[in-house]
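Dear colleague,

What follows them is a careful account of what was found.

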Amino acid sequence: MRLAVASGKGGTGKTTVALSLAFVAGDPVVYVDCDVEEPNAHIFLRPRITHSTVVHIPVPSVDETRCTHCGECAAVCRYGAIASLPSMTLVFKELCHGCGGCAIACPTNAISESPNRIGVVESGPSSVLNNVTLVQGRIDVGVPLSPPLIRSVKEKAGDEEFVILDCPPGTSCPMIAAVKEVDYVALVTEPTPFGLNDLKLAVETLRELELPFGVVINRSSERDGLIEEFCVTTGTEILGRIPDDRRAAEAYSRGVIPALEVRQVRQACERLLARILAAAGDEPQ
Amino acid sequence: MKIAITATGTTPESPLDARFGRAAYFLVFDPETNTWETVENTQNLNAAQGAGIQSAQNVIRSGARFVITGGHCGPKAFEVLRVAGVNVYVSAAPSVAEALRLFQAGELEWVEAPDVEGHWA
């Protein structure tokens with residue numbers, strides 16, 4: 001079971017929910033922090049990093065002695081990473097996604113690919129939750145494209161029995177790279193107009209990707225009606241609610257998983273996990 | 001030597017486009033023949049990334065040796081233009097034709113460095 005915890009809006013509680021689910025699962029969990037631009041699950045899980053791998057993507061280098069400046073490479077690059085000028089070819093490797101299209105398109109075999117470092121993938125057992133192994137990616141400073149690193153992080157997580165993916169916020173490429181090919185997505189939102197607005201975007205995105213999903217209302221309050229109305233009219237399942245509890249925020253701010261300290265959060269997450277497993281068609285653990 | 005000017009329309013009376021990479025058009029003036037050529041830039045206007053690089057490439061391929069922008073030129077576009085030996089000028093003129101006149105009168109300011117951050121920085 002690969003469960004993605006995602007949200008349209010940042011700061012709705014993805015990490016709180018994902019960590020709390022990993023805690024209440026009890027059985028071995030591989031926790032994948034896909035937010036490679038700002039990984040934070042390590043603050044709560046305090047892992048002992050046992051593996052670290054440098055990740056590269058292949059970027060083109062041009063042999064000017066063979067290049068005829070025909071422009072085929074620049075024309076095929078949908079990322080605009082190559083400028084083909086009448087007397088030379090310029091490669092902007094920071095825009096390159098490493099697809100290799102330019103090397104295939106080049107009629108004179110002037111393009112070869114060389115590795116360009118983008119970040120690291122690390123993993124190790126948590127010293128806080130003994131059923132959890134953390135896998136995380138850290139993108140290098142100045143590298144603007146995270147999807148290739150996110151894919152490497154997911155590869156490293158492998159096909160373990162239960163994998164929880166803590167996704168980057170938003171609905172753009174990093175989020176899509178993280179949720180792709182998971183079995184189920186839990187969309188975390190909050191009962192505010194901002195939460196609702198970004199939930200709508202995330203729901204549209206997941207429908208487009210044809211992924212099964214349900215909604216988790218974090219900081220649940222008397223304002224939940226805002227989210228409920230949207231879910232009812234769009235036929236979206238509400239999987240559960242995490243109560244709005246100051247103690248949860250205080251625990252989080254100290255780097256402590258809220259479910260470890262706040263009974264109401266733990267109980268809500270136990271119910272939530274059972275509901276997710278039922279919705280995803282897995283047997284309750 | 002040809003001069004490419006960012007434009008919001010296809011005639012010399014059009015206002016300049018304030019952006020280089022995502023300019024709607026480039027109007028390229030050839031002083032030898034006294035004629036204008038229109039280079040469409042719609043593709044880059046809508047590009048997710050790399051607009052400046054591709055716009056610079058297209059301007060260079062049009063044969064222009066000078067660029068006049070209505071406001072800005074980002075770092076990657078600037079780099080491509082610099083490598084190709086194309087000088088960038090900026091103008092607040094109300095039309096492309098007026099910008100050309102000021103350029104030919106030597107009244108435009110040469111831009112020595114990109115004046116805005118890249119969107120990926």
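The largest cavity has a volume of about 90 Å³, where a cavity is a set of points on a 1 Å grid over the protein atoms alone at which a 1.4 Å probe fits but cannot get out, and where the volume is the space filled by probe spheres set on the points, which are joined across faces, edges and corners. A search of the whole structure finds one cavity of 30 Å³ or more. Its lining (residues with an atom within 4 Å of a point) consists of 14 residues, of which A:Cys67, A:His69, A:Cys70, A:Cys73 and A:Cys106 lie nearest the centre. By type, the lining divides into seven nonpolar, six polar and one charged residue, with Ala, Val, Leu, Ile, Met, Phe, Trp, Tyr, Cys and Pro counted as nonpolar, Asp, Glu, Lys and Arg as charged, and the others, Gly among them, as polar.

Before going further, please keep in mind that this is a predicted model, in which local features need pLDDT of at least 70 and side-chain atom pairs count only at pLDDT 80 or more, while totals for chains, interfaces and linings use all residues. Residues are numbered from 1 along each chain as its sequence is written, chains are lettered from A and ligands numbered from 1 in the order in which they are written, and side-chain values use heavy atoms, with hydrogens and water left out.

Where does A:His69 sit in chain A? A:His69 is placed in the loop between strand S3 (51–62) and helix H3 (72–76), helices (H or I, at least four residues) and strands (E, at least two) being DSSP runs numbered from the N terminus. A:His69 is buried, with a relative accessible area of 18%, since buried means under 20%, exposed over 50% and partly exposed in between (1.4 Å probe, protein chains only). Leaving aside residues up to four places away in sequence, the residues that A:His69 touches (heavy atoms within 4.5 Å) include A:Glu64, A:Met88 and B:Arg61. A:His69 and A:Met88 are 19 residues apart in sequence, yet 6.5 Å apart in space from C-alpha to C-alpha.

As for the chains, chain A has eleven helices and eleven strands, and buried residues make up 55% of its 285 residues. Chain B has four helices and six strands, and 50% of its 121 residues are buried. The C-alpha trace of chain A spans about 70 × 45 × 35 Å along its principal axes, and the C-alpha atoms of chain B fill a box of roughly 40 × 25 × 25 Å.

With best wishes

How values were computed:
1 Å grid on protein atoms, 1.4 Å probe; cavity = no way out; pocket = protein on both sides within 12 Å on 5 of 7 lines; lining within 4 Å.
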